[in-house]
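Notes on this model follow, as numbered points. Please read them with the structure open.

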Amino acid sequence: MSANSADPSARSATPATVDIVLVKAGRTKIRYPADLLHDDGTHVVVRAAWAGAGVRDFGFVRFEPGDVFTEHYWRDRWYAVKEVRDAEGTLKGWYCDIARPAEVTPADVTPGEVVCEDLDLDLWRSADGRTVLRLDEDEFAASGLETTDPRAASAARAALDELELRAHEGDFEALLT
């Protein structure tokens, strides 16, 4: 039974913990524990505290100790969406990683993992929806993915375009249900 089961006793139970493994250029960039909130076989939702060391100031948002990330991964989509809230619960916005579809080891297998391979492209959408930023297109171009894996590069660009369009048109949050 999944962590989001219709069984009321399952909802009140402590959520399972999984490891989130973010991979970039074939190497593990970061690994951190997260509470599994939902897994319907396609869409996985976890919650984790900011796992970075100290504060990371991007200019348009700061990630800092106490921030809570509700992270959405899909086994069939080329992105992951991370809702970011501060320690008091105020929404900062959504950071979206363009990534290969997630590979998930179920939480009942020890250790459960969600592996997400970052493809360099990112999108930021502010809490009020007024700021939508395409990020790291220079890193993507420098990665060489368009030469080494043109199919993945095309899927990555299409995913970024889709997210940007949704972010501007107002149905962005519908992705997360």
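1. Strand 2 and strand 3 form a hairpin with 3 residues between them. G41, in the turn, has a positive phi of about 100°. Strands here are DSSP runs (E, at least two residues; helices are H or I, at least four), numbered from the N terminus. The two strands run antiparallel and are joined by 4 bridges; strands pair if DSSP finds at least two bridges between them. Strand 3 covers residues 43-49. Opposite L36 stands V46 of strand 3.

2. Provenance: this is a predicted model, where local features need pLDDT of at least 70, side-chain atom pairs count only at pLDDT 80 or more, and totals for chains, interfaces and linings use all residues. Residues are numbered from 1 along each chain as its sequence is written, and side-chain values use heavy atoms, with hydrogens and water left out.

3. Strand 1 and strand 2 also run antiparallel, joined by 8 bridges. Their hairpin has 2 residues between the strands. A25 takes a positive phi near 55° in this hairpin. L22 has I30 in strand 2 as its bridge partner.

4. The largest pocket has a volume of about 550 Å³. A pocket is an open set of points on a 1 Å grid over the protein atoms alone, where a 1.4 Å probe fits, with protein on both sides within 12 Å along at least five of seven lines. Grid points are joined across faces, edges and corners, and the volume is the space filled by probe spheres set on the points. Of its 27 lining residues, L22, K29, W50, R56 and K82 are the closest to the centre; a lining residue has an atom within 4 Å of a point.

5. Which elements give two or more residues to the lining of the largest pocket? They are strand 1 (17-24), strand 2 (27-39), strand 6 (68-74), strand 8 (91-99) and strand 10 (113-126). Strand 10 gives the largest share, 4 residues. By class, the lining has 15 nonpolar, 1 polar and 11 charged residues. Nonpolar means Ala, Val, Leu, Ile, Met, Phe, Trp, Tyr, Cys and Pro; charged means Asp, Glu, Lys and Arg; the others, Gly among them, are polar.

6. D120, in strand 10, has a positive phi of about 80° although it is not a glycine. D120 is buried, at 10% relative accessible area. D136 also has a positive phi, near 65°. D136 lies in the loop between strand 11 (132-135) and helix 2 (137-143). Its relative accessibility is 24%, so D136 counts as partly exposed. Buried is under 20%, exposed over 50%, partly exposed in between (1.4 Å probe, protein chains only).
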